[in-house]
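Please look at the structure shown here, and then follow its strands, one of its residues and its core in turn.

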Amino acid sequence: MARFVSTSQQNISTTAGTPTAIISGASNTSGIPADKYGILLSILSSNKTLEGQQITIQLVKSGDTATSLLTSGDVPSKSSLEIMQGNKIILTPGDVLQAFSDPTASGMDVTVSYMIADQDTTIS
């Protein structure tokens, strides 16, 4: 049976070298458990500052290097930016979704919604 999950990270990192993990590991609350898969439904970034900021969202497939889903997306002052609209991305155990914002400011939040479902092991 599928289960829907929403997770948020406040004041994400402002350093590309240490991005904030939004979805990580194999936990039931912020990751994809073993023998399951995830479907990424929505990514929303919110800028709480008085100036516009840029955000980068990256997906690290299990043990691989980071792939950017959005690089330097502009989020206006006191506003939000929906990063995914109508697209779906499959997540597997060990995948990490991470984000960082403009290095000159802080105050960016990221909320992610995704679905966790059982793997069908009968298909070969």
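The paragraphs below go from the source of the model to the strands, then to one residue and the core.

This is a predicted model: local features need pLDDT of at least 70, side-chain atom pairs count only at pLDDT 80 or more, and totals for chains, interfaces and linings use all residues. Residues are numbered from 1 along each chain as its sequence is written, and side-chain values use heavy atoms, with hydrogens and water left out.

Strands here are DSSP runs of E with at least two residues, numbered from the N terminus. Two strands pair if DSSP finds at least two bridges between them. In general, strands of a sheet pair through backbone hydrogen bonds, either parallel or antiparallel.

Begin with S3, residues 36-47. Strand S9 (residues 108-118) is joined to S3 by 11 bridges, and the two run antiparallel; Ser 46 stands opposite Asp 109 of S9. S3 also has three bridges to strand S7 (residues 89-91), again antiparallel, where Gly 38 has Leu 91 as its bridge partner.

Four other strands make up an open sheet, ordered S2-S8-S4-S5 with antiparallel pairing. Its edges are S2 and S5 (66-75), each of which pairs on one side only. On average, neighbouring strands of this sheet are turned by 25° against each other, direction ignored; the axes are lines fitted to C-alpha atoms, and angles run from 0 to 180 degrees between N-to-C directions. Within the sheet, S4 and S8 run antiparallel and share six bridges.

Which residue of S8 stands opposite Gln 58? It is Gln 98. Gln 58 itself lies in S4, residues 53-60. Gln 58 counts as buried because its relative accessibility is 13%, where buried means under 20% relative accessible area, exposed over 50% and partly exposed in between (1.4 Å probe, protein chains only). Leaving aside neighbours within four places in sequence, the contacts of Gln 58 include Pro 19, Ala 66, Leu 69, Val 96, Gln 98 and Phe 100; contact means heavy atoms within 4.5 Å.

A nonpolar core is a set of buried Ala, Val, Leu, Ile, Met, Phe, Trp, Tyr and Cys residues joined through side-chain atoms within 4.5 Å. The largest one has 21 residues, and Leu 40, Ile 43, Ile 55, Leu 97, Val 110, Val 112 and Tyr 114 have the most contacts inside it. At least two of its residues come from each of S2 (20-23), S3, S4, S8 (96-101) and S9. S9 gives the most, with five residues.
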